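Please look at the model below and read the notes that follow it. They are grouped by topic.

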Amino acid sequence: MSEAQEKKTGDLTITIDRLICVGFGDCIEASPEAFEFDDEGIAVFCDSVDSVSKEELVAACQTCPVDAFTVLDSQGIQILP
């Protein structure tokens with residue numbers, strides 16, 4: 001798998017930096033329908049991520065203690081971290 005995983009969902013573009021993620025799992029706790037661990041213990045997107053609200057996704061990404069998530073709005077403006 002590549003060093004980053006990117007997903008466009010609704011009007012957000014979310015990138016998970018796999019080199020930064022250390023598997024705390026706060027994002028999974030905050031939104032288990034959006035994120036899960038892969039076999040390496042790194043966060044990845046769930047298939048059901050598109051059904052999760054924008055607010056829940058942003059909040060879940062914001063819980064990451066190592067800022068492994070980058071979130072862009074529909075204009076391409078970075079809103080996290």
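Two aromatic pairs are present in the structure; rings of Phe, Tyr and Trp (its six-membered ring) pair if their centres lie within 6.5 Å, and planes under 30 degrees apart count as stacked, over 60 as edge-to-face and the rest as tilted. This is a predicted model, in which local features need pLDDT of at least 70 and side-chain atom pairs count only at pLDDT 80 or more, while totals for chains, interfaces and linings use all residues. Residues are numbered from 1 along each chain as its sequence is written, and side-chain values use heavy atoms, with hydrogens and water left out.

**Aromatic rings**

- Phe35 and Phe45 form a tilted pair, 5.7 Å centre to centre with 40° between the planes.
- Phe35 lies in strand 3 (residues 35-37) and Phe45 in strand 4 (residues 43-45), so the pair ties together parts that are 10 residues apart in sequence; strands (E, at least two residues) are DSSP runs, numbered from the N terminus.
- Both Phe35 and Phe45 are buried, meaning under 20% relative accessible area (1.4 Å probe, protein chains only).
- Phe35, Phe45 and Phe69 are linked into a cluster by ring pairs.

- An open sheet is formed by four strands in the order 1-2-5-6, with antiparallel pairing; two strands pair if DSSP finds at least two bridges between them.
- Strand 1 (4-9) and strand 6 (78-80) are the edge strands, and each pairs on one side only.
- Strand 5 (residues 69-72) is joined to strand 6 by two bridges, and the two run antiparallel.
- Opposite Val71 stands Leu80 in strand 6.

Conventions:
Buried < 20%, exposed > 50% of the residue type's maximum accessible area, 1.4 Å probe, protein only.
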